[in-house]
Amino acid sequence: MSMPIFNHLFNGLRLAMPKVDQLQDIAAAIDHIDHSIKNQSISLSAALGLIYSITETLGVMIGDPDLPNHLHNAYEGLAEVSVELQTRIQNMNK
């Protein structure tokens, strides 16, 4: 991932909302895991555990009925990226 995930999803749009800060933090965590895998500075099993946890957390957040639509879509986008990274790690771990 050459561009941070948050910027990719929002094309650099910055919104001043607490849940957007959460989005940025989660996107940064996913980017960090991806970067660590590429640099071989984390074991695949540790990366898989972390990304699995992030994916599950995003699933819970997506299910929040009070989540505004634009944030719901952003969380779904992050969840998709997270699942793709999880699948890639699983395939590397075989």
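Buried means under 20% relative accessible area, exposed over 50%, and partly exposed in between, with a 1.4 Å probe and protein chains only. The legends below describe a predicted model, in which local features need pLDDT of at least 70 and side-chain atom pairs count only at pLDDT 80 or more, while totals for chains, interfaces and linings use all residues. Residues are numbered from 1 along each chain as its sequence is written, and side-chain values use heavy atoms, with hydrogens and water left out.

View 1. The chain has 4 helices and 0 strands; helices (H or I, at least four residues) and strands (E, at least two) are DSSP runs, numbered from the N terminus. From the N terminus on, the order of elements is α-α-α-α. Of the 94 residues in the chain, 34% are buried.

**View 2. Confidence along the chain.** pLDDT is the predictor's confidence in each residue, from 0 to 100. Its average over the chain is 83, and 80% of the residues score at least 70. Helix α1 (residues 5-10) has the lowest confidence, with a mean of 50, whereas α3 has the highest, at 94. Over residues 11-16 the pLDDT is below 50, and this stretch has 7 contacts in the model beyond near neighbours in sequence; contact means heavy atoms within 4.5 Å. Where pLDDT is low, the predicted coordinates should not be read in detail.

**View 3. Ser-36 in helix α2.** Ser-36 belongs to helix α2 (residues 18-38). The residue is buried, because its relative accessible area is 7%. Leaving aside residues up to four places away in sequence, Ser-36 touches Ser-41 and Ile-42.

**View 4. Gln-40 in the loop between α2 and α3.** Gln-40 is placed in the loop that lies between these two helices. Its relative accessible area is 72%, and therefore Gln-40 counts as exposed. Gln-40 has a positive phi of about 55° although it is not a glycine. Most residues other than glycine have a negative phi.

View 5. Ser-82 is part of helix α4 (residues 69-92) and is buried, because its relative accessibility is 0%. Residues up to four places away in sequence aside, Ser-82 touches Ile-30, Ile-51, Ile-54, Thr-55 and Leu-58. The side chains of Ser-82 and Thr-55 are joined by a polar contact of 2.5 Å; such a contact is a pair of N or O atoms within 3.5 Å, where, within protein, one must be able to donate a hydrogen and the other to accept it, and residues adjacent in sequence count only if both atoms are side-chain atoms. From C-alpha to C-alpha, Ser-82 and Leu-58 are 8.8 Å apart in space, and they are 24 residues apart in sequence.

**View 6. The largest nonpolar core.** A nonpolar core is a set of buried Ala, Val, Leu, Ile, Met, Phe, Trp, Tyr and Cys residues joined through side-chain atoms within 4.5 Å. The largest has 21 residues, of which Ile-26, Ile-30, Ile-33, Leu-58 and Tyr-75 touch the most other members. Helices α2, α3 (44-62) and α4 each supply at least two residues of this core, and α4 gives the most, with 8 residues.
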